[in-house]
Amino acid sequence: MKKSRRDGSFAVFPGSFDPITNGHLDVVDRALRVFDRVRMAILVNPEKQPLFTVDERVEIIREAYRRNRRVEVDTFSGLLVDYAQRVGASVIIRGIRAISDFEYEFQMALMNRRLNPQIETVFMMPAESYSYVSSRLVKEVFQLGGRVTDVVPPVVERRLAEKYGTPAGQARLAGAGRRPGSSRRA
Ligand code: PNS
């Protein structure tokens, strides 16, 4: 797809985002320093059993970025490079937290380049403070009554509490003085 000058630079940030963490948001912040618009693209994968449905993940991301029109959210299925080409993005953003992420990301980037050499993968490193944060760990910790306040945005903590309905989760949210719509850094 042709990109007009008015469109500005545009990158796709794909992932499962089940759910988004502050590590993902940190990568988006960094990407926005380089690109005019970033589109978070959620993979629709019928083989995975996510905690949050695709629609819920879209809602969560929309809420997290409701004040930032430079961040968009979408879903896709099939090959990522085909999606990127279809929406006119020539860059795929991926976050690398640690060396352990690198091998898988490197393989994907090279395979994607082979599939479509016009699309470049750009790796971004989230802040070190998020280097251990993953969606999987967030779900596990929350489910077992642990605190996830500083590693996910408020909307995710609230949705986790609604989903699991754990007394521990509800009590923690009340105690944290959650303010709906407050910034994720709050
Ligand atoms: O957050 P995740 O689960 O690590 O994201 C992985 C994702 C969605 C980026 C990757 O699985 C993907 O791109 N899937 C789409 C199918 C595809 O293009 N596969 C070939 C990759 S080389």
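So, the ligand: the space it takes is the largest pocket. Pocket here means, on a 1 Å grid over the protein atoms alone, an open set of points with protein on both sides within 12 Å along at least five of seven lines. A molecule sits in one if more than half of its atoms lie within 2 Å of its grid points.

Quick caveat before I go on. This is a predicted model, where local features need pLDDT of at least 70 and side-chain atom pairs count only at pLDDT 80 or more, while totals for chains, interfaces and linings use all residues. Residues are numbered from 1 along each chain as its sequence is written, and side-chain values use heavy atoms, with hydrogens and water left out.

Okay, who's around the ligand? There are 13 residues in the shell, and the closest are Gly15, Ser16, Gly78, Leu80 and Arg94; to be near, a residue needs a heavy atom within 4 Å. They split into 7 nonpolar, 4 polar and 2 charged, with Gly counted as polar and the charged class being Asp, Glu, Lys and Arg.

Which elements supply at least two residues each? Those are β1 (10–15) and α4 (99–115), and α4 gives the largest share, 3 residues. Helices are DSSP runs of H or I, at least four residues, and strands are runs of E, at least two.

Now the polar contacts, meaning N or O pairs within 3.5 Å. Ser16 puts a polar side-chain atom 2.6 Å from a ligand oxygen. With Leu80 it's a polar backbone atom, 2.8 Å from an oxygen of the ligand. Arg94 comes in with a polar side-chain atom at 2.9 Å, again from a ligand oxygen. Taken alone, the ligand exposes 550 Å², and the protein buries 76% of that; those areas are Shrake-Rupley with a 1.4 Å probe.

Next, the loop between β1 and α1 (22–34), where Pro19 sits. The peptide bond joining Asp18 and Pro19 is cis, with omega about 0 degrees. Phe17 is in that loop too, and its phi is positive, near 50 degrees. Why point these out? Because most residues other than glycine have a negative phi, and most peptide bonds are trans.

Last bit: salt bridges, a Lys or Arg side-chain nitrogen within 4 Å of a carboxyl oxygen of Asp or Glu. The count comes to 14. One of them pairs Asp74 with Arg39, at 3.3 Å, N to O. That pair links distant parts of the chain, 35 residues apart: Asp74 is in β3 (residues 71–76) and Arg39 in β2 (residues 37–43).

Conventions
Polar contact = N/O pair within 3.5 Å; in protein donor to acceptor, adjacent residues only side chain to side chain. 1 Å grid on protein atoms, 1.4 Å probe; cavity = no way out; pocket = protein on both sides within 12 Å on 5 of 7 lines; lining within 4 Å.
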